[in-house]
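Open the structure in your viewer and keep the selection tool at hand.

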Amino acid sequence: MESKKIKDFIGNNAITILLLVLVLYVGFTQNGFFSMNNFSNIASNVSPRLIIALGVSGCLITKGTDLSAGRLVGLGGVLSCTLLQRADYSSKFFANLPELPILGVLLLVIVITGLFGLINGTVISYLNVPPFLATLGMQTIVYGINLVYSGATPLGGLREDYTKIATDGINLFVIQLKYLLLIAIVVGAFFWFLYNKTRHGKYMYAIGGNENAAEVSGVNTFLTKIKIYTLAGIMYGFAGFLLAAKAGGASVNLGLGYELEAIAACTIGGVSTTGGIGTVPGILLGVLVFELLKTCMQFLMIDTSYQYIVQGLVIIIAVALDIRKYTAKK
C-alpha cells in the first residue's frame with residue numbers, strides 16, 4: 001500500500017521531480033546558480049508570469065483555455081509605454097501628452113484588456129464558440145489592433161517612477177524584496193481567497209467538474225464564465241504593465257508565446273486540462289518549475305533553439321501525464 005502511494009506520487013509529479021534534480025545538478029556544478037542575485041532574477045521573472053498563469057487557470061479549470069493571453073499582455077505593455085514616456089524623450093509617442101498618474105494608466109490598461117476578456121467570455125458562453133477557437137481569433141484581433149495602434153514601433157524612454165516598480169524593492173535585513181515579488185504575493189493571495197473562500201470559486205470548480213450538473217443546481221454558468229475570462233483579461237493587462245516596466249520598454253511582440261508557458265505551468269502545477277482541479281500553490285509551483293528549467297538551460301549554455309524544443313516537450317509530457325491521471329481515475 002505504501003509503495004503504491006510512493007509510485008502514485010512519483011507518477012503524478014514526475015516532471016517536477018526531474019526538474020528539481022536538474023536544479024540540484026546545475027546548482028552544484030555551475031558557479032553563481034545558488035546566489036542571491038540569481039534568486040532575485042528568478043523571482044522577478046516568475047512574478048509577472050504567475051499573474052498570467054493565474055489568469056489562465058480559471059479558464060482551464062472550467063475546461064476552457066485562453067490563447068489570447070500573450071497578445072493581451074503585449075497590448076497592455078504597449079499601452080503602458082505610450083502613456084508613461086518621459087516628457088523629454090525625443091521619440092515620444094504622444095508628443096504633447098502631459099504626465100499622467102501611474103495608477104490612472106494602470107486602471108485604463110486593465111479596463112481595456114478586461115474588455116477583451118469580457119468579449120471572450122461572452123462569445124464562449126452565449127455563442128457557444130469553443131474556447132480554443134474564440135481565443136485564437138481574439139489573439140489575432142488583438143495583435144492587429146496593437147500593430148495599428150503602435151505602428152509596430154519599439155517603445156522606450158519610460159519614466160523612472162514607472163520603471164522603479166520593477167527595479168526597486170523593500171530592504172529586509174540582508175535581502176531586497178522586489179516590488180514585483182510583493183505584487184505577485186498579493187495577487188496570489190487574492191486568487192487563493194477567490195478560489196477557496198467565495199461563491200465564485202465554488203461555481204468555477206463546479207462548472208469544471210460537470211457543467212450540466214452545475215447549471216441544474218442553480219449555478220449561472222454563463223455569468224461565471226464571463227467573469228472568469230474578464231478577470232483573466234485584467235490579469236494579462238496588469239502583467240503587461242509590469243513586464244514593460246521590467247524591460248524598460250515594449251513592442252508588439254511583448255508576451256509572445258506567454259499563453260503557452262502559462263498553460264504549461266498550470267498543467268505542471270496540477271491544474272487538470274479535464275477541468276475542475278487546480279490550486280493557487282500548485283500554479284505557483286508550476287510557474288517556478290518552468291522558470292527554473294529555462295534558467296538551468298541558460299546556465300548550461302544550451303543553444304536557444306534547443307531550449308524551445310525542450311520547453312515544447314515539457315508541455316506535451318505535462319498534458320500527456322495529466323490525461324493519463326484522468327483516464328486512470330475513470
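Which residues do ring pairs link into a cluster? Select Phe 28, Phe 33, Phe 34, Phe 39 and Phe 299, and show their side chains: these are the members of the cluster. The model on the screen is a predicted one.

**The ring cluster**

A pair of aromatic rings is described by the distance of the centres and the angle of the planes. Begin with Phe 28 and Phe 34, whose ring centres are 5.6 Å apart and whose planes are at 75 degrees, an edge-to-face pair.

Over the whole structure, a search finds 12 aromatic pairs. For a ring with a charge over it, select Arg 71 and Tyr 143: the charged end of Arg 71 sits over the ring of Tyr 143, 3.8 Å from the ring centre.

**The whole chain**

Zoom out and switch to the cartoon view. The chain has 14 helices and two strands. Its C-alpha trace spans about 70 × 55 × 40 Å along the principal axes. The radius of gyration is 20 Å, which agrees with the value near 20 Å for a compact globule of 330 residues. Of the contacts with a separation of 6 or more, 76% are between residues 24 or more positions apart.

**The interior**

Of the 330 residues, 48% count as buried. In soluble globular proteins, nonpolar side chains tend to be buried together. Select Ile 52, Tyr 162, Phe 191, Tyr 236, Phe 241 and Ile 283. In the largest nonpolar core, which has 72 residues, these six touch the most other members. Then colour helix α11, residues 221-247, which gives this core its largest share, 13 residues.

What is Ile 52 in contact with, leaving aside neighbours within four places in sequence? The list is Ala 69, Val 73, Tyr 236, Ala 239, Leu 243, Tyr 258 and Ala 262.

For the last stop, select Val 289, Phe 290, Leu 293 and Met 297. They are among the 10 residues of a second, separate core.

Definitions and conventions
Residues are numbered from 1 along each chain as its sequence is written. This is a predicted model: local features need pLDDT of at least 70, side-chain atom pairs count only at pLDDT 80 or more; totals for chains, interfaces and linings use all residues. Side-chain values use heavy atoms; hydrogens and water are left out. Rings of Phe, Tyr and Trp (its six-membered ring) pair if their centres lie within 6.5 Å; planes under 30 degrees apart count as stacked, over 60 as edge-to-face and the rest as tilted. A charge sits over a ring if NZ of Lys or CZ of Arg is within 6 Å of the ring centre and within 35 degrees of the ring normal. Helices (H or I, at least four residues) and strands (E, at least two) are DSSP runs, numbered from the N terminus. The radius of gyration is taken over C-alpha atoms; the globule rule is 2.2 Å times the number of residues to the power 0.38. Buried means under 20% relative accessible area, exposed over 50%, partly exposed in between (1.4 Å probe, protein chains only). Contact means heavy atoms within 4.5 Å. A nonpolar core is a set of buried Ala, Val, Leu, Ile, Met, Phe, Trp, Tyr and Cys residues joined through side-chain atoms within 4.5 Å.
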